[in-house]
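Biologist: I'd like to learn how to read a model like this one. Could you take me through it, beginning with the metals?

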Amino acid sequence: YQAKRDRTGVEVYESKRDSNTPDRLGLLGDLRRALDAHEVELHYQPKVRFDGHVAGLEALVRWVHPDRGRVPPDEFIAIAESSGLMPHLTEYVLDTALAQVAKWRAQGLKVPVAVNVSPRDVHTPGFAGSVAARLARHGVPAGALQLEITEHVLLEDPQRAADTLAGLTDHGVRMSLDDFGTGYSSLVHLRRLPVSELKIDRSFVARLAVDTEDAEIVRCTVDLAHSLGLLVVAEGVEDDETWERLRDLGCDAVQGWLVAAAMPPQEATAWLRARGERGWHRTRPAD
Ligand code: C2E
Ligand code: MG
Ligand code: MG
Ligand code: MG
């Protein structure tokens, strides 16, 4: 493999040679060990409403390999998915995120957390029950957990997926449909999935201010979501102009570097403390 450095000087694992099987196997073994050793971390990225209210934080997994440096999540999640390690990774992420929510709640910071789950997880027998058991074990109410899924959950066994998700929503866990616009984005899927939130993929948001077609796609998605009673979150919001366009289009909340990048737990705690009361505002009075 080759390593290069990102702009913060951290080594980034070069993915190009990943089709190389021994390399993938090596990485898989290392990931398994890293999970056991609790070397995989979660960073948290806020979702904020246009009135400044912090709607929640999304947990994003981070792994810094001892030799290879930071491995992008897309990279090792694909490996976990194709190897059977995914349920273990998801349990790890759920436990870590729920422990953090419990900690925040104990400090008076009552903010929900969103966890990404893969289609594999939704098709794992007993998944809904295992989530409920984890909530109970961490003493976290179901309403403080949101699960981000993609339309891919419907590819394999749509009925079973729908049943599992219905079990989770019956329990009080909220569902969010992630990366909307990149998959099939079918109306049938929207009707079939018990989601309360829809996240517009970053690829449409990024060029919203300069590309009229992307702007139209976002407008239609917001209107469609609202007509179905769903909240709309735009991901990947990086500048003021995009924020303003989204607000004018009636989007409900945003997530992106304009607000904050994904932060390690301590930094996220400080961020919540500082912004929690008055919320997040684009131009805040000097502290
Ligand atoms: P996602 O759930 O759509 O997460 C959003 C991705 O966009 C994250 O990348 C985040 O760091 C990045 N992002 C956020 N704001 C901005 C922005 O303003 N500009 C740009 N350019 N990017 C932004 P990340 O962390 O690399 O995660 C990639 C994907 O990996 C996630 O996409 C999600 O599908 C998956 N993933 C991450 N953590 C987990 C996990 O714990 N479990 C599962 N199953 N999947 C995960
Ligand atoms: Mg997500
Ligand atoms: Mg997303
Ligand atoms: Mg995405």
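Modeller: The magnesium ion (ligand 2) and the magnesium ion (ligand 3) sit 3.8 Å apart, with Asp 178 coordinating both. Keep in mind that this is a predicted model, where local features need pLDDT of at least 70, side-chain atom pairs count only at pLDDT 80 or more, and totals for chains, interfaces and linings use all residues. Residues are numbered from 1 along each chain as its sequence is written, chains are lettered from A and ligands numbered from 1 in the order in which they are written, and side-chain values use heavy atoms, with hydrogens and water left out.

Biologist: Are Asn 116 and Glu 148 buried or partly exposed?

Modeller: Buried means under 20% relative accessible area, exposed over 50%, and partly exposed in between (1.4 Å probe, protein chains only). Asn 116 is partly exposed at 28% relative accessibility, while Glu 148 is buried at 1%.

Biologist: And what are the protein donors of the magnesium ion (ligand 3)?

Modeller: Those are Asp 178 (OD), Asp 179 (OD) and Glu 235 (OE), lying 1.9 to 2.5 Å from the ion. The sequence pattern is D-D-x55-E. Asp 179 is in strand E8 (residues 174-180) and Glu 235 in the loop between strand E10 (231-234) and helix H10 (240-248), so the pair links distant parts of the chain, 56 residues apart. Asp 179 is partly exposed, at 27% relative accessible area, and Glu 235 is buried, at 11% relative accessibility.

Biologist: Now a helix. Which residues of H6 are buried?

Modeller: The general idea first: an α-helix has 3.6 residues a turn, so residues three or four places apart point the same way. In H6 the buried ones are Ala 161, Ala 162, Thr 164, Leu 165 and Leu 168. They cover an arc of only 165° around the axis (taken from the directions from the helix axis to the C-beta atoms), which puts them on the same side of H6. Their cover includes helix H4 (119-122), helix H5 (127-138), strand E7 (145-149), E8 and helix H7 (187-192).

Biologist: Where does H6 run, and what follows it?

Modeller: H6 takes in residues 158-171, 14 residues in total, and reaches 20 Å from its first C-alpha to its last, close to the 20 Å expected at 1.5 Å a residue. That expected span is 1.5 Å times one less than the number of residues. Next comes Gly 172, with a positive phi near 110°.

Biologist: How many helices and strands does the protein chain have?

Modeller: There are 11 helices and 11 strands. The C-alpha trace spans about 50 × 45 × 45 Å along its principal axes, and buried residues make up 48% of the 287 residues.

How values were computed
Donors are N, O and S atoms within 2.8 Å of the metal (3.2 Å for Na, K and Ca); water is not among the atoms, so sites may look incomplete. Helices (H or I, at least four residues) and strands (E, at least two) are DSSP runs, numbered from the N terminus. Contact means heavy atoms within 4.5 Å.
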